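Please walk through the following structure, from its charged pairs to its core and a few individual side chains.

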Amino acid sequence: MSEQEAPLDLAIVGAGPAGACLALLCARARPDWRIAIVDPHPRVPDSGPYHPSFDARATAISAGSAQLFDELGLWQTLQRHATAISAVHVSDRGYLPGQMLDASATGMDTQGYVVPNTWLGQVLLRALSEQSNIQQHKAGATGFVPQAGSGRLMLDNHLAPLTARLTALADGANSPLRQALGITTQDKPYYQNAIIANVRCAKPHLGVAYERFTETGPLALLPLGQSPQAREMALVWTQPSHRASDLQNAPDTEFLARLQQHFGHRLGRFMAASERHSYPLVLRQAREQVRSNLVLVGNAAHFLHPVAGQGFNLALRDCAALSRTITASDSPGELSVLQGYLAQRERDQAITSRAGDAMVRLFSTTALPAVALRHLGLLSLELAPTLRSAFGRQMMGLTRTTQEARHG
């Protein structure tokens, strides 16, 4: 087989954050590898000045994920528009006043960061364009055909197929290729929608994030703006699906009044709200994450409830472990190699998904036994510093399994 006919080392379907991070991790670990990213949407990094928008959605970056971006040489740039989370306040509406999980309890300066999605995308896309061993293809992937020692990725727009020793599906929770390949998912619907918006408050956020559990579901507020004196917060508010549309489409005054009623006045009065978006929520886990010459990452592998903001951070930990495993192998697509990767990640995936699921179910009910149990849980965080520290480290992405994912 000639040099031109040799298969790619890695093909990635999807240029979102998970796919981009996997490509960068592998490209920098193995400069000799030939890597391709396939995505139907234009990917042109913006070279002009970045202007934060009140309407821009944001992603919570754990302290562990920030360390990973630092190893990639991207954190210094990402940090320009990142908001540090100095503490997380966890409360249960109508019961205990709540617990403040301070970063200092874990020996860190911050619990994590909040980064606008537009800025995260610009930084990752610019890094991809500067990496000489990564090709970007503006196309959709229409099929995957297993071959001996490789896989053939079919593309639309009459483009020639790509052959790669390993293909990674990073094309989202509704991954078309995953479905086409007959890889089923285990779905646990919550019958809830997440209302996503940004809000402006009367008081500065001081770098504090809030996780508020209410009778209709969890409500999270994440600090935005580079200064602790900033007054904008990213809102993720879960609602029963049958109520979500009314809340999403309510006039701003009514929306802010209902938010005030559920959250309280820790941040003073809510002054303004951005455009709102609504997404149905489900815990979705692929029944197969690896096959010969094929691996699923990001939301294609597991799509979590946003209750603790852990979905993206879990995906990054997966990508770090996957990159380390496959770049150390002469046969990155071999099933035994991919099974070894999955064995490393099963514990962290299980803990993160089960913890988030348990929190949603426990804190979305008014049944007295559940109320008593979560009351006890918050009280335990107050009385047991070791438990509070362990809970904080899990939220920050600094667990033992995180270190294993990053360093082997």
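Which side chain meets that of R284 in a salt bridge? The partner is D187, and the N to O distance is 3.0 Å. The model is a predicted one. The pair ties together distant parts of the chain, with R284 in strand β18 (residues 277–286) and D187 in strand β13 (residues 185–201), 97 residues apart. The two ends of this bridge can be set against the burial cut-offs. R284 has a relative accessibility of 16% and therefore counts as buried, being under the 20% limit. D187 has a relative accessible area of 36%, so D187 is classed as partly exposed.

In general, side chains of opposite charge can pair when their charged atoms come close. In this chain the count of salt bridges comes to 10. One of them is formed by the side chains of R291 and E288, again at 3.0 Å from N to O. Both ends are partly exposed: R291 has 26% relative accessibility, and E288 has a relative accessible area of 30%. Elsewhere, salt bridges with shared partners join R317, D318, R345 and D348 into one network. A further bridge brings together the side chains of R30 and D32, at 2.9 Å from N to O. R30 is partly exposed, its relative accessible area being 21%.

N133 sits in the loop between α4 (117–130) and β8 (134–138). In sequence N133 and D32 are 101 residues apart, yet their C-alpha atoms are 7.5 Å apart in space. Where does N133 make its contacts, once neighbours within four places in sequence are left aside? N133 is then in contact with A27, R30, P31, W33, R34 and I35. With A27 there is also a polar approach: the backbone oxygen of A27 lies 3.3 Å from a polar atom of the N133 side chain. N133 has 11% relative accessibility, so N133 counts as buried.

I35, one of the residues that N133 touches, also belongs to the largest nonpolar core. That core has 51 residues, and those touching the most other members are I12, I35, F69 and V295. Helix α1 (residues 17–29) gives the most to the core, with eight residues. In soluble globular proteins, nonpolar side chains tend to be buried together. Across the 408 residues of the chain, 54% count as buried.

Not counting residues up to four places away in sequence, V295 touches L166, T167, A168, L169, Q289, V290, L322, L338 and Y341. L169 is also touched by S175, as is A300, with residues up to four places away again not counted. S175 lies in the loop between β12 (167–169) and α5 (176–180). Is S175 buried or exposed? Its relative accessibility is 0%, so S175 counts as buried. The S175 side chain makes a polar contact with the side chain of D171, at 2.7 Å.

Another buried polar side chain is found in a helix. H262 lies in helix α7 (residues 252–263), and its relative accessible area of 12% means that H262 is buried. A polar atom of the H262 side chain lies 3.0 Å from the backbone oxygen of R258.

The cysteines come next. How many disulfides does the chain have? The count is zero. For C21, the nearest cysteine sulfur is that of C319, 6.5 Å away. A disulfide requires sulfur atoms within 2.5 Å, and C21 is in no disulfide. C21 is buried, at 1% relative accessibility. C201 is buried too, with a relative accessible area of 3%.

The overall figures complete the description. The chain has 12 helices and 21 strands. Its accessible surface comes to about 17,600 Å², and carbon and sulfur atoms account for 53% of that area. Among contacts between residues at least 6 apart in sequence, 74% join residues at least 24 apart. The bridge between R284 and D187, 97 residues apart, is a link between distant parts of the chain.

Technical notes: Residues numbered from 1 in each chain as written. Predicted model: local features only at pLDDT ≥ 70, side-chain atom pairs only at ≥ 80, totals over all residues. Heavy atoms only, no water. Helix = DSSP H or I, 4+ residues; strand = E, 2+ residues; numbered from the N terminus. Buried < 20%, exposed > 50% of the residue type's maximum accessible area, 1.4 Å probe, protein only. Contact = heavy atoms within 4.5 Å. Areas by Shrake-Rupley, 256 points an atom, 1.4 Å probe, with all protein chains shown as cover. Core = buried A, V, L, I, M, F, W, Y, C linked by side-chain atoms within 4.5 Å. Polar contact = N/O pair within 3.5 Å; in protein donor to acceptor, adjacent residues only side chain to side chain. Salt bridge = Lys/Arg side-chain N within 4 Å of Asp/Glu carboxyl O.
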